[in-house]
Amino acid sequence: ARRPNGTLNVPPAFRDAHAAASAVLLVPAYPSSHLARCRIEIARIAGDHRVRLRTIEYTYWYDSLITEAIEGADGLFIIPSTEELPAHLLAAFMGPTNRVVFFDADMSDHGIPSIRLYAESHFRSLFDHLWETGRRRIDCLNTQGHNDEILQRLASWRGWLDTKGAQGEPLDHPVEPFEDPIESSYRVMHELAADASALPEAIVTTTYPAAVGAVRALRDRGIEVGTDIAVCSMNVEFPGQYASPSITGLEFPDLEPLLTGVFDWFKTESGEWPGQRLIVPAEPVLFIGESTRPA
């Protein structure tokens, strides 16, 4: 088929008829550039591997669409929300005949193949960067709702502080599921920055939206980010590299090597996952922006 601009495209009906497998991606119904990037990249790689991917947005774990998705596809990707996962659904996901993979989360302790975008060692490379710029008191700001990934990020920061003998305070203000973490981050940081002498040398946020709110609040208080205080995020999203100041953080990894084995699994008849339960990128990609200039 030829597009209006003259380029060629494989018609969806033809592509779907020649797909080797079908998969469903369950994603929280929340407007997020990170979730959008995940959806786009998973869909692109699925097409390259001849896997037909259907995306379903959900708001609650009790949505009937989730149960239907388990039964109606060769494979199932799940990006979890911050709501607690019900026991009956966890049991269903652990079923021996279900090919279920958690994405951007770690459920490997339950025997479920899981893809984490960042390993603990990756976060340490970010913290080490702050140390190398001369920062010794590094607080951690979180406004994302708690789930296993967020708790692991908080634990990584605390463990690194203990190893280095550095100082830092947790600023943990999780929002309710599907509430805006940017607004919460702004309020927390705007209040803290009322007394500039109380600010740490650096703030690392668990997610990029928290960094956005923090930077705006600090600038509204007349505090120069990158000079007076360093701010970085454990992962940086678009358009963090193009913001002013640009935000330091771990970049979105290449998903191709993480997903290839999963899509091969979806195309087989076997229900048993053949590899390691936890899949992580081999190396971190750290973007160093203007928000963490040397002290």
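Helices, meaning runs of at least four residues in DSSP class H or I, are numbered from the N terminus. In this predicted model, helix α6 covers residues 148-164, and R153 has its place there. The relative accessible area of R153 is 4%. Because buried means under 20% relative accessible area, R153 is classed as buried.

The surroundings of R153 can also be described. When its neighbours within four places in sequence are left aside, R153 is in contact with Y118, F123, T206, T207, M234 and N235.

## The largest pocket

The volume of the largest pocket is about 610 Å³. It is lined by 32 residues, and those closest to its centre are Y30, S32, H34, L35 and Q144. Several helices take part: α2 (33-48), α6, α7 (181-192) and α8 (208-220) are the elements that give two or more residues to this lining.

The lining of the largest pocket can also be divided by residue type. It holds 15 nonpolar, 10 polar and 7 charged residues.

## The second largest pocket

The second largest pocket has a volume of about 290 Å³. Its lining consists of 17 residues, of which E83, L85, M107, N147 and D148 lie nearest the centre. Helix α6 gives the most to this lining, with 3 residues. By type, the lining of the second largest pocket divides into 8 nonpolar, 5 polar and 4 charged residues.

## Aromatic rings

The structure holds 12 aromatic pairs.

Elsewhere, ring pairs link F77, F263, W265, F266 and W273 into a cluster.

Most peptide bonds are trans, and most residues other than glycine have a negative phi. Against this background, two peptide bonds deserve attention.

Where do P239 and P245 lie? P239 is in the loop between β9 (230-235) and β10 (248-250). P245 likewise lies in the loop between β9 and β10.

## Two residues with positive phi

R50 is not a glycine, yet its phi is positive, near 60°. This residue is found in the loop between α2 and β2 (51-58). D104 is another non-glycine residue with a positive phi, of about 60°. The position of D104 is in the loop between β4 (100-103) and β5 (114-115).

Is each of these residues buried, partly exposed or exposed? R50 has a relative accessible area of 48% and is therefore partly exposed, since the range for that class runs between 20% and 50%. D104, at 14% relative accessibility, counts as buried, because its value falls under 20%.

Notes:
Residues numbered from 1 in each chain as written. Predicted model: local features only at pLDDT ≥ 70, side-chain atom pairs only at ≥ 80, totals over all residues. Heavy atoms only, no water. Buried < 20%, exposed > 50% of the residue type's maximum accessible area, 1.4 Å probe, protein only. Contact = heavy atoms within 4.5 Å. Phe/Tyr/Trp six-rings, centres within 6.5 Å; stacked < 30°, edge-to-face > 60°. 1 Å grid on protein atoms, 1.4 Å probe; cavity = no way out; pocket = protein on both sides within 12 Å on 5 of 7 lines; lining within 4 Å. Points joined across faces, edges and corners; volume = space filled by probe spheres on them. Nonpolar A, V, L, I, M, F, W, Y, C, P; charged D, E, K, R; others polar.
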